[in-house]
Amino acid sequence: MNPTKQETNKALVLEAFDTLFNKRDYAAAERYWSPNYIQHSAHIAPGREGLFDLIKSMPSAFKYEPGMIVAENDLVIVHGRFSGFGQPVNWIAADILRIKDGLLVEHWDVIQDEKTRAQSKSGLPMFGDKFRE
């Protein structure tokens, strides 16, 4: 059975994020991000180069962990955790990507500081099923 477009797009995003954020293989990452990549994030300079330059500036401890992922048509949303980037708290992000012809062509994000158990009014973690503390 052939994978659906949505399944293919989700796998593409997960592979792209792991290649760039965790493996830091910039040559391989170029195969996933369009040369005309459109960046809507307030945290990242324009284009593919802006994203790659940001990751190059991160400490070696920088890491991305994917969580939930959904896809519809040409859009994928992945809920993940960014850690080890030199800030006092991790970031929990919902990254929204538009896929065209097998490439990531556009990106938006929503980012929050990760809260501890003591800070969580719901008593539940923002990412995964348990607190990291």
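The model is predicted, so local features need pLDDT of at least 70 and side-chain atom pairs count only at pLDDT 80 or more, whereas totals for chains, interfaces and linings use all residues. Residues are numbered from 1 along each chain as its sequence is written, and side-chain values use heavy atoms, with hydrogens and water left out.

The largest pocket holds about 250 Å³. Here a pocket is an open set of points on a 1 Å grid over the protein atoms alone, where a 1.4 Å probe fits, with protein on both sides within 12 Å along at least five of seven lines; lining residues have an atom within 4 Å of a point. Grid points are joined across faces, edges and corners, and the volume is the space filled by probe spheres set on the points. The lining comprises 19 residues, of which I44, L54, F82, W91 and I111 are the closest to the pocket centre. At least two lining residues come from each of α1 (5-22), β1 (33-39), α3 (47-56), β4 (91-100) and β5. These elements are DSSP runs numbered from the N terminus, with helices (H or I) of at least four residues and strands (E) of at least two.

Helix α3 has its own set of buried residues, namely G47, R48, G50, L51, F52 and I55. Buried means under 20% relative accessible area, exposed over 50%, and partly exposed in between (1.4 Å probe, protein chains only). The cover over these α3 residues includes α1, α2 (26-29) and β1, contact being heavy atoms within 4.5 Å.

Turning to charge, the structure contains four salt bridges, each defined as a side-chain nitrogen of Lys or Arg within 4 Å of a carboxyl oxygen of Asp or Glu. One of them pairs K23 with D18 at 3.4 Å, N to O; K23 is exposed at 58% relative accessibility, while D18 is partly exposed at 29%. Another joins R81 and E65, whose closest N and O atoms are 3.3 Å apart. This pair links distant parts of the chain, with R81 in strand β3 and E65 in strand β2 (residues 63-72), 16 residues apart. Both R81 and E65 are buried. R98 and E106 also form a salt bridge, at 2.8 Å, N to O; R98 is partly exposed at 22% and E106 is buried at 11%. Shared partners join the salt bridges of E65, R81 and E114 into one network.

D109 is buried yet has no salt bridge, and the nearest side chain of opposite charge, R98, is 15 Å away; Lys and Arg count as positive and Asp and Glu as negative, with His and the chain ends not counted. Beyond neighbours within four places in sequence, D109 is in contact with S41, H43, A94 and D95.

Finally, some loop residues deserve a look. R24, in the loop between α1 and α2, has a positive phi near 55°. N73, in the loop between β2 and β3, has a positive phi near 50°. P88, in the loop between β3 (75-83) and β4, is exposed at 78%.
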